[in-house]
Amino acid sequence: MHQFSFERLTAWQLSRVFVKKIYQLTSNFPIEEKYGLVSQLRRASISISSNLTEGSSRLSAVDQKRFYQYSYSSLMEVINQIIISSDMNFISDEELVELRKDGNELSKVINGLVKSLITK
């Protein structure tokens with residue numbers, strides 16, 4: 001089967017795992033958060049991988065960099081929202097620590113993509 005270039009990006013691969021964790025985690029949120037934090041967290045987490053995908057398809061380094069930066073911004077949005085989720089006692093301290101660790105790793109890889117384009 002053909003593999004697209006974005007599928008080879010470590011950042012994209014990590015983002016898929018991250019999305020899955022967010023979906024699993026939010027399945028336990030209170031029902032009244034379905035259109036609140038659950039929706040926001042899920043959309044923002046998907047945006048991370050979607051922007052990585054779109055960036056990888058761009059021909060210019062400037063366009064690629066812009067979409068990788070969007071991806072990073074979506075990641076920061078998710079980090080903010082999981083902190084709020086913790087504040088609201090929707091997730092445990094352990095879940096917060098694990099997701100922040102995953103987010104930190106993903107942020108380093110995304111920033112590596114951005115930095116690789118600065119020199120081009």
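**Rings and a helix**

Guide: Searching the whole structure, a predicted model, turns up four aromatic pairs.

Visitor: What makes F4 and F6 a stacked pair?

Guide: The ring centres of F4 and F6 are 6.0 Å apart and the planes sit at 10°. Pairing needs centres within 6.5 Å, and stacked means planes under 30 degrees apart, so F4 and F6 count as stacked.

Visitor: And why is the pair F6 and W12 called edge-to-face?

Guide: Here the centres are 5.0 Å apart, with the planes at 80°. Edge-to-face takes an angle over 60, so that's the label for F6 and W12. Put together, ring pairs join F4, F6 and W12 into a cluster.

Visitor: How do you know whether F6 is buried or exposed?

Guide: Its relative accessible area is 18%, and buried means under 20%, so F6 is buried. W12 is buried too.

Visitor: Why is F4 called partly exposed?

Guide: F4 has a relative accessible area of 47%. Exposed would need over 50%, and buried under 20%, so F4 lands in between as partly exposed.

Visitor: On to α3: how does its reach compare with the expected span?

Guide: Helix α3, residues 61-87, has 27 residues and reaches 39 Å from its first C-alpha to its last, close to the 39 Å expected at 1.5 Å a residue.

Visitor: Which helices do the buried residues of α3 pack against?

Guide: They pack against α1 (10-26), α2 (37-57) and α4 (93-118). Among those buried residues are F67, Y68, L75, V78 and I82. After α3 comes N89, with a positive phi near 65°.

Conventions: Residues numbered from 1 in each chain as written. Predicted model: local features only at pLDDT ≥ 70, side-chain atom pairs only at ≥ 80, totals over all residues. Heavy atoms only, no water. Buried < 20%, exposed > 50% of the residue type's maximum accessible area, 1.4 Å probe, protein only. Helix = DSSP H or I, 4+ residues; strand = E, 2+ residues; numbered from the N terminus. Expected span 1.5 Å × (residues − 1). Contact = heavy atoms within 4.5 Å.
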